[in-house]
Amino acid sequence: NYQKEFLSQSNSNHNFIPLTHGYFSYSNNIAEQFAYFQSLCAWLFQFISHPFMEWDDFQDPNSISNNILQECKKLKFPKEFPSTK
């Protein structure tokens, strides 16, 4: 589903490439990585039919990170680090 649905989203403002194993472990372009991360999180929430307040690309990254963590908390995922990390 990731390759068929997420990567081929036609309504997205981004053209994402398939993830590599180390994509998030090094920083070539932090803004691009964050855009990928927040879009992937939103897609995953939609994929599991979890209702959430959607964010946009112009919203503060800290706010988006906090929103993602709040949604993960609602899903009972353990939080082991602050959203600023």
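This is a predicted model: local features need pLDDT of at least 70, side-chain atom pairs count only at pLDDT 80 or more; totals for chains, interfaces and linings use all residues.
Aromatic contacts come first. A pair of aromatic rings is described by the distance of the centres and the angle of the planes. In this model, the count comes to 13 aromatic pairs. One of them joins F16 and Y36, whose ring centres are 4.4 Å apart; the planes meet at 55 degrees, so this pair is tilted. F16 sits in the loop between α1 (2-6) and α2 (30-47), while Y36 belongs to helix α2, and the pair therefore ties together parts that are 20 residues apart in sequence. Both partners are buried: F16 has a relative accessible area of 13%, and Y36 has a relative accessibility of 2%.

A tilted pair is also formed by F45 and F52, with 5.3 Å from centre to centre and 55 degrees between the planes.

For C41, the nearest cysteine sulfur is that of C72, 6.3 Å away; because a disulfide requires the sulfur atoms to lie within 2.5 Å, C41 is in no disulfide. C72 is likewise in no disulfide, its nearest cysteine sulfur being that of C41. C41 is buried, at a relative accessible area of 12%, and C72 also counts as buried, at 18% relative accessibility.

How values were computed
Residues are numbered from 1 along each chain as its sequence is written. Side-chain values use heavy atoms; hydrogens and water are left out. Rings of Phe, Tyr and Trp (its six-membered ring) pair if their centres lie within 6.5 Å; planes under 30 degrees apart count as stacked, over 60 as edge-to-face and the rest as tilted. Helices (H or I, at least four residues) and strands (E, at least two) are DSSP runs, numbered from the N terminus. Buried means under 20% relative accessible area, exposed over 50%, partly exposed in between (1.4 Å probe, protein chains only).
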